[in-house]
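I opened this notebook to record what I looked up, residue by residue.

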Amino acid sequence: MGRDIIAEILTYIRNADKDKKIRVKIAATNLSRNIVKILLQEGFLENIRKHNESRKNYFVLILRHRRNQNKMILKRISRPGLRIYSSYKKIPKILGGMGTVVLSTSQGMMTDREARIEKIGGEILYYIW
């Protein structure tokens, strides 16, 4: 049985946010770099640092905790057993546009706003709100 790397990364971040931890350490891969870049761009992370430890690369994520607000919600949609695809016209709006849908497109990983501007559909990876 294979591993769902995206789900593991989202779970690390979700659990750290739930426990009100400041830092999370995840393996540095191209996929994790793209996920982290979008989370930083959307304002869910304060900072990212690359860290080398015993010949392995890691990203150390500094989480942004919002006072008096709910926890960060990261929900995995498309998974290895069930892929969900959408055209740019049918990309769902989360919380009336307040949330973010992250897609994997032919031009890389991007948010729903960017995909609508570029008129590109793709695989819906996860929701953030």
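The entries below cover the core, the salt bridges, ring contacts, the surface and the backbone.

Entry: I am working with a predicted model. I kept that in mind for each entry.

**Entry: core.** Which residues have the most contacts inside the largest nonpolar core? I found I13, I35, L39, L61 and Y126. This core has 23 residues. I then checked which elements give it two or more residues: helix 1 (5–18), strand 1 (23–27), helix 2 (30–41), strand 3 (56–63) and strand 8 (122–128). Helix 1 gives the most, with five residues. I noted the general background: in soluble globular proteins, nonpolar side chains tend to be buried together.

**Entry: salt bridges.** I asked how many salt bridges the structure holds. The count is six. I looked up three of them, as follows.

R3 and E8 meet through their side chains at 3.1 Å, N to O. R3 is exposed, at 60% relative accessibility. E8 is partly exposed, at 25%.

E123 and R83 form another salt bridge, at 3.0 Å, N to O. Where do these two lie? E123 is in strand 8, and R83 is in the loop between strand 4 (74–76) and strand 5, so the pair ties together parts that are 40 residues apart in sequence. I checked the cover on each side chain's residue. E123 is buried, with 11% relative accessibility. R83 is partly exposed, at 42%.

R116 and D112 make a salt bridge at 3.3 Å, N to O. Both lie in helix 3 (residues 112–118), four residues apart, which is about one turn of the helix. Is D112 buried or exposed? D112 is buried because its relative accessible area is 3%, and the cut-off for buried is under 20%. R116 is partly exposed, at 24%.

**Entry: rings.** I searched for aromatic pairs and got a count of zero. I then looked for a charge over a ring. The charged end of K25 sits over the ring of Y58, 4.5 Å from the ring centre.

**Entry: surface patch.** Which residues form a nonpolar patch on the surface? I listed I73, L95, M98 and W129. Together they have about 420 Å² of accessible area. I followed up on M98. M98 is in the loop between strand 5 (85–86) and strand 6 (100–105). With a relative accessible area of 70%, M98 is exposed.

**Entry: I117.** I went back to helix 3, where I117 is placed. I117 is exposed, with a relative accessible area of 68%. I also looked up its separation from Y88. I117 and Y88 are 29 residues apart in sequence and 8.8 Å apart in space, C-alpha to C-alpha.

**Entry: backbone.** Most residues other than glycine have a negative phi. R55 has a positive phi of about 65°, although R55 is not a glycine. R55 lies in the loop between strand 2 (45–53) and strand 3. At 87% relative accessibility, R55 is exposed.

K119 also has a positive phi, about 55°, and is not a glycine. Where is K119 placed? K119 is in the loop between helix 3 and strand 8. K119 is exposed, with a relative accessible area of 58%.

Definitions and conventions: Residues numbered from 1 in each chain as written. Predicted model: local features only at pLDDT ≥ 70, side-chain atom pairs only at ≥ 80, totals over all residues. Heavy atoms only, no water. Phe/Tyr/Trp six-rings, centres within 6.5 Å; stacked < 30°, edge-to-face > 60°. Lys NZ or Arg CZ within 6 Å of the ring centre and 35° of its normal. Patch = residues over 30% accessible without salt bridge, like charges linked within 9 Å, V, L, I, M, F, W, Y side chains within 5 Å. Areas by Shrake-Rupley, 256 points an atom, 1.4 Å probe, with all protein chains shown as cover. Salt bridge = Lys/Arg side-chain N within 4 Å of Asp/Glu carboxyl O. Buried < 20%, exposed > 50% of the residue type's maximum accessible area, 1.4 Å probe, protein only. Core = buried A, V, L, I, M, F, W, Y, C linked by side-chain atoms within 4.5 Å.
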